[in-house]
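I opened my notebook to look at how two chains meet, and then at what lies inside each. Here is what I looked up, entry by entry.

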Amino acid sequence: MDNKKDIVLLKGNEVIAKAAIRYGYDGFFGYPITPQSEVLETLAADKPWETTGMVVLQAESELASINMLYGAGCTGKLVFTSSSSPGIALMQEGLSYMAGNELPGVIVSVGRGGPGLGTIQPGQADYYQAVYGGGNGDYNTIVLAPNSVQEMCDCMGKAAELTFKWRMPVIILSDGVLGQMMEKVELPPYRPRRTDEEIAKQCPWATNGIGLKNRKYNFMSTLELDPQVMEDRNQKMAAKYRQVEAEEVDYELYRVDDDTEYLIVAYGISSRISMKAIDLLQEAGMKVGMLRPKTLWPFPNKIISQLSERIKSILCVEQCEGQMINDVRLATEGQATVFHSGRSGGMVSSPMEIVEDFKSMARERMSNKWPKGYWMK
Amino acid sequence: MNETPMHYCPGCSHGVVHKLVAEIIEEMGMEEDTIAICPVGCAVFAYRYVDVDWIEASHGRAPACASAIKRLWPNKLVFTYQGDGDMACIGTGETIHALNRGENIAMIFINNAIYGMTGGQMAPTTLMGMKTATCPYGRQADLHGYPLHITDLAVQLEGTCYVTRQAVNTVANIRKAKKAIRQAFENSMNKKGTSLVEIVSTCASGWKMTPEQANQWMVDNMFPYYPLGDLKNTVE
């Protein structure tokens, strides 16, 4: 294996697989589901078990996948799974166990239209699923939101770092467009997988039967019969979550300056479509820019609050009937009105649809029909 | 074995099996090379008794958990320890597929025909006519279906190398069970495929009997339905 970067044209899903091999992941456990099956297909074709030693296993279900991830995480290995909306739904219990035991693990979610079996076309209706989770108990997961094939690649590296830094599962929330579209991407150089000694040093908490000369036996358990002990564990995790919120917020501003009057907030594929809409609106003389959260949890509350002080209103663009919009509204602290734009069920907004929604929002604002801070969808 | 308050009821088979597991790990010199996966159910606290690295899996998922671990740590002894509700009911899917993939793990299956920890409800292995909290008039086929012979199913799967049914109610049976678990552990280390050791067990509390009555009831009722002995051995 050479040690250089490579520039290639690939689908987002294929890049996830190739990035994992290059970033030194120890294993993948997953189950086929459209629109992310190319992740496992690419891994199976590339046979990393013959080169880096990475384990690849097609599980019998997403339930098994996430519990394989759980087991692997307990032993300090760097592993990931990928799936799409209904499959991620099936993993929620396992995510709660992983969070409860403060385990590393990366989950790639390539969203499609829902609910239920829904459609196999792209969707962003899993914001709640990723950010608020469907597992039981007090827990958070870090949620990264790429908006290009290059960022799909980069997120695999960032997730590998964050999941061990904070000892918590990291979700990469992508969507069917990013998974299926091809773009030029620069793949990172090969990074060797960690040795057993390195794992023992990095993860003295792990249940892997190594380094026992220098430690007691470990066990991984989420069960506490004493509620006071359970509360202590929860408070310790909550303190960690507050620290993650303080340190790991990431976002990008597009065409925002001192004169910006209107703001679009969008992540993932919606941010790419919104960029085109903003270019069109700016040509027409509108002072509009975009804030793109790159982390959905922790959410960029502070910058949204700051911008809300001086703008007229916000258009939240997402390919669902409105989920992130509620976090945007909370972040404004009532200082700006937030409107929704987007399609759902597998339909995807065109730039012109966003432009039209923007125009009706601007008309509403100018007619002063809605007092500042009024929450309208 | 650790000094720890005994949480199992008097007469329970778990304690004996825990001791066998601990003895075998020590005899094999595997104390620092074992990753054990315990279930949800009475054995959820297995980690308190045996000094190795333990992982408590979610209900039924121990075989999936163990599959990943053995593949990532091929030189470790990896085994699961599960009851009938965990392995043969909620986790049937994970059980069948781990067995069928021939994962190089050992699976210990405590079959006492009842849900012990939740207070004696019907299990997939509950015998016909047997009374439990959720079949208080006795298990009936039309209401509850039939007992699941999961160990017999395992015999049919190409991934299994060793399938056996044992008990720990007499000294002679304890010796046989120990030999069987040791064989299963060695198969894991020698990468021979999946080994499944069923231990037909008592649950005196769940069955609402004294320990002696429970042992006798097991001999009279469980053994005819779940006969002891090796069901498959491709390693010998």
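**Entry 1: where the chains touch**

I began with the contact between the chains, which takes 30 residues from chain A and 28 residues from chain B. Two residues count as in contact if their C-beta atoms, placed from the backbone, lie within 7 Å. On the side of chain A that touches chain B, the elements giving two or more residues are β2 (27–30), β3 (55–58), α3 (62–74), α5 (92–100) and β9 of chain A. I noted that helices (H or I, at least four residues) and strands (E, at least two) are DSSP runs, numbered from the N terminus. Which element gives the most to this side of chain A? I found that α3(A) does, with seven residues. By class, this side of chain A holds 15 nonpolar, eleven polar and four charged residues. For the classes, Ala, Val, Leu, Ile, Met, Phe, Trp, Tyr, Cys and Pro count as nonpolar, Asp, Glu, Lys and Arg as charged, and the others, Gly among them, as polar.

**Entry 2: what kind of model this is**

I reminded myself that this is a predicted model, in which local features need pLDDT of at least 70, side-chain atom pairs count only at pLDDT 80 or more, and totals for chains, interfaces and linings use all residues. Residues are numbered from 1 along each chain as its sequence is written, while chains are lettered from A and ligands numbered from 1 in the order in which they are written. The model scores ipTM 0.95 and pTM 0.95. Chain B averages a pLDDT of 96, and 100% of its residues score at least 70; pLDDT is the predictor's confidence in each residue, from 0 to 100.

Next I followed β9(A) into an open sheet of eight strands, in the order β9(A)-β2(B)-β1(B)-β3(B)-β4(B)-β8(B)-β7(B)-β9(B), with mixed pairing. Why does β9 (219–220) of chain A have one side without a neighbour in the sheet? Both β9(A) and β9 (229–233) of chain B stand at the edges with a single partner strand each, so one side of each is left without a neighbour. Strands pair here if DSSP finds at least two bridges between them. Two bridges join β9(A) to β2 (residues 53–56) of chain B, and these strands run parallel. I looked up one partner pair: A:Phe219 is bridged to B:Trp54 in β2(B).

**Entry 3: the sheet of chain A**

I then traced an open sheet of seven strands in chain A, ordered β3-β2-β4-β5-β7-β6-β13, and again the pairing is mixed. At its edges stand β3 and β13 (295–297) of chain A, each with a single partner strand, so one side of each has no neighbour in the sheet. Neighbouring strands of this sheet are turned by 20° against each other on average, direction ignored. Angles run from 0 to 180 degrees between N-to-C directions, and axes are lines fitted to C-alpha atoms, for helices over the stretch in contact. Two bridges join β6(A) to β13(A), which run antiparallel, and A:Leu144 has A:Thr295 of β13(A) as its bridge partner.

**Entry 4: two domains of chain A**

The domain assignment gives chain A domain 1 (6–201) and domain 2 (253–367); such bounds come from an automatic or database domain assignment. Their centres, taken over C-alpha atoms, are separated by 28 Å. I found 24 residues of domain 1 of chain A in contact with 21 residues of domain 2 of chain A. The elements that give two or more residues to the domain 1 side are α6 (127–131), β6 (142–144), β7 (170–175) and α8 (176–180) of chain A. The largest share of that side, four residues, comes from α6(A).

**Entry 5: peptide bonds and a phi value**

Last, I checked the backbone. Most residues other than glycine have a negative phi, and most peptide bonds are trans. The bond from A:Thr34 to A:Pro35 is cis, with omega near 5°, and A:Pro35 is in the loop between β2 and α2 (38–46) of chain A. The bond from A:Gly114 to A:Pro115 is cis too, with omega near 0°. As for A:Glu333, its phi is near 50°, a positive value in a residue other than glycine.
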